[in-house]
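Colleague: I would like to go through this model feature by feature and learn how to read each one. Could you start from the backbone and work towards the side chains?

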Amino acid sequence: MMPTHIIPILAAAAIMVVAAKGVQITRLSMPRWVQNGTEDSVVLDCEYNYSEDDKRLVVKWFLNDDPEPIYQWIPELNQRYASERVKSKLNMDYTVSPSSQHTRYRALNLMKPTTELSGRYSCHVVSMASQDAEDQVMVVYAPPRSFDFNYTKMSSEAVNFTCEADGVFPMPKITLLQVDVPEREPNLVSGVKTVTTSQRGAYYVQVSREIREWELSEQPTVFECVLSIPGTDYENQRKILYWPGSISGTWRAREGSWLPVLEIVLLLIVNLLLS
């Protein structure tokens with residue numbers, strides 16, 4: 001058994017260790033993603049513990065690699081600052097609940113966040129005795145204004161498939177897939193050419209691949225273009241049913257992820273014949 005005279009000493013040491021920790025961020029919370037201009041507001045909160053030794057507490061928020069804080073609060077002086085970057089979007093009346101004199105204005109309440117507010121947010125809590133910092137990414141994404149998938153018969157032996165998206169943010173991932181009837185598993189189309197441009201905070205991306213007729217089976221082939229936005233759950237598809245020996249010209253996928261009704265019926269008939 002531990003001698004009783006040692007217990008108070010250990011307890012005092014434990015208290016000193018806790019106190020020595022000083023400022024400590026316990027939770028940083030924010031949406032992982034939000035669609036451009038669709039939410040009335042979002043809250044980015046930075047919860048922290050502090051001790052009596054933490055005098056002159058300062059809470060700072062930074063966005064991406066900008067060395068200037070987008071927001072700063074000094075509780076003891078009752079001073080708050082918002083940079084021009086977020087001033088028009090920041091609700092300065094927002095307070096956390098429950099709160100105290102040293103936590104009331106720690107959070108950011110962003111009104112109708114748009115793509116320029118997408119990025120890595122870091123919360124820094126600093127005092128005369130200690131400091132702590134945590135960061136997290138919030139993606140403010142914009143779905144493509146246009147999303148098209150088409151093929152052009154270049155000659156009797158070659159066909160070019162092109163998928164393009166415009167007005168999307170951030171940079172999307174576009175994948176071409178191929179399903180040979182009657183197979184069910186899609187195969188990644190390799191050797192694609194990608195063209196990317198950016199303008200006014202949005203991206204245009206084009207992915208294309210020229211395929212020779214001899215690369216395809218004699219049966220119809222489903223080609224699918226899949227667009228996803230990294231860091232979000234956004235995904236959209238376009239599908240084309242290509243028949244070997246199709247006539248020359250340019251053919252587009254219909255709006256939405258489903259095949260045209262006639263093509264679905266023809267595909268079912270082909271499956272029945274092959275089964």
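Modeller: Asn 78 sits in the loop between strand 5 (71–74) and strand 6. Bear in mind that this is a predicted model.

Colleague: What is the phi of Asn 78 near?

Modeller: Asn 78 has a phi near 55°, a positive value in a residue that is not glycine. The side of the picture to check next is accessibility: Asn 78 is exposed, at 59% relative accessibility.

Colleague: Which other residue has a positive phi of about 55° although it is not a glycine?

Modeller: Arg 200, with phi at about 55°. Arg 200 is placed in the loop between strand 14 (193–199) and strand 15. Its relative accessible area is 82%, so Arg 200 counts as exposed, the cut-off being over 50%.

Colleague: Next, omega. Where is the peptide bond cis, with omega near -5°?

Modeller: Between Ser 97 and Pro 98. Pro 98 belongs to the loop between strand 6 (79–82) and strand 7 (108–111). Another cis peptide bond joins Phe 169 to Pro 170, with omega about -10°. Pro 170 is in the loop between strand 11 and strand 12 (173–180).

Colleague: His 102 is in the loop between strand 6 and strand 7. Is His 102 buried or exposed?

Modeller: The relative accessibility of His 102 is 17%, and buried means under 20%, so His 102 counts as buried.

Colleague: Which residues does His 102 touch, not counting residues up to four places away in sequence?

Modeller: His 102 touches Tyr 48, Tyr 50, Leu 57, Trp 73, Pro 75 and Glu 76. One of these, Trp 73, is 29 residues from His 102 along the chain, and the two C-alpha atoms are separated by 9.6 Å.

Colleague: On to strands. What should I expect of side chains in a regular strand?

Modeller: The general idea is that side chains in a regular strand alternate between the two faces of the sheet. For a case of strand pairing, take strand 10 (residues 146–153) and strand 11 (residues 158–168).

Colleague: How many bridges join strand 10 to strand 11, and how do they run?

Modeller: Eight bridges join them, and the two strands run antiparallel. In one of the pairings, Asn 150 has Thr 162 in strand 11 as its bridge partner.

Colleague: Now the charged side chains. How many salt bridges does the structure hold?

Modeller: Nine. One of them pairs Lys 153 with Glu 213, with N to O at 3.5 Å. This pair links distant parts of the chain: Lys 153 is in strand 10, while Glu 213 is in the loop between strand 15 (202–212) and strand 16 (221–228), 60 residues apart.

Colleague: Are Lys 153 and Glu 213 buried or exposed?

Modeller: Lys 153 is buried, at 7% relative accessibility. Glu 213 is also buried, at 16%.

Colleague: Which residue forms a salt bridge with Arg 209?

Modeller: Glu 215, with the closest N and O atoms 3.5 Å apart. Arg 209 is buried, with a relative accessible area of 17%, whereas Glu 215 is partly exposed, at 33%. A further salt bridge joins Arg 212 and Glu 210, where the closest N and O atoms are 3.5 Å apart. Here Arg 212 is partly exposed, at 34%, and Glu 210 is partly exposed, at 36%.

Colleague: Last, the nonpolar core. Which residues of the largest one touch the most other members?

Modeller: Leu 44, Trp 61, Tyr 121 and Val 125, in a core of 28 residues. The strands that each supply at least two residues of this core include strand 1 (24–29), strand 4 (58–63), strand 8 (119–126) and strand 9 (131–141). Strand 3 gives the largest share, four residues. Apart from this core lies another, of 24 residues, among them Phe 147, Ala 165, Val 168 and Tyr 234.

Definitions and conventions: Residues numbered from 1 in each chain as written. Predicted model: local features only at pLDDT ≥ 70, side-chain atom pairs only at ≥ 80, totals over all residues. Heavy atoms only, no water. Salt bridge = Lys/Arg side-chain N within 4 Å of Asp/Glu carboxyl O. Buried < 20%, exposed > 50% of the residue type's maximum accessible area, 1.4 Å probe, protein only. Pairing = 2+ DSSP bridges. Contact = heavy atoms within 4.5 Å. Core = buried A, V, L, I, M, F, W, Y, C linked by side-chain atoms within 4.5 Å.
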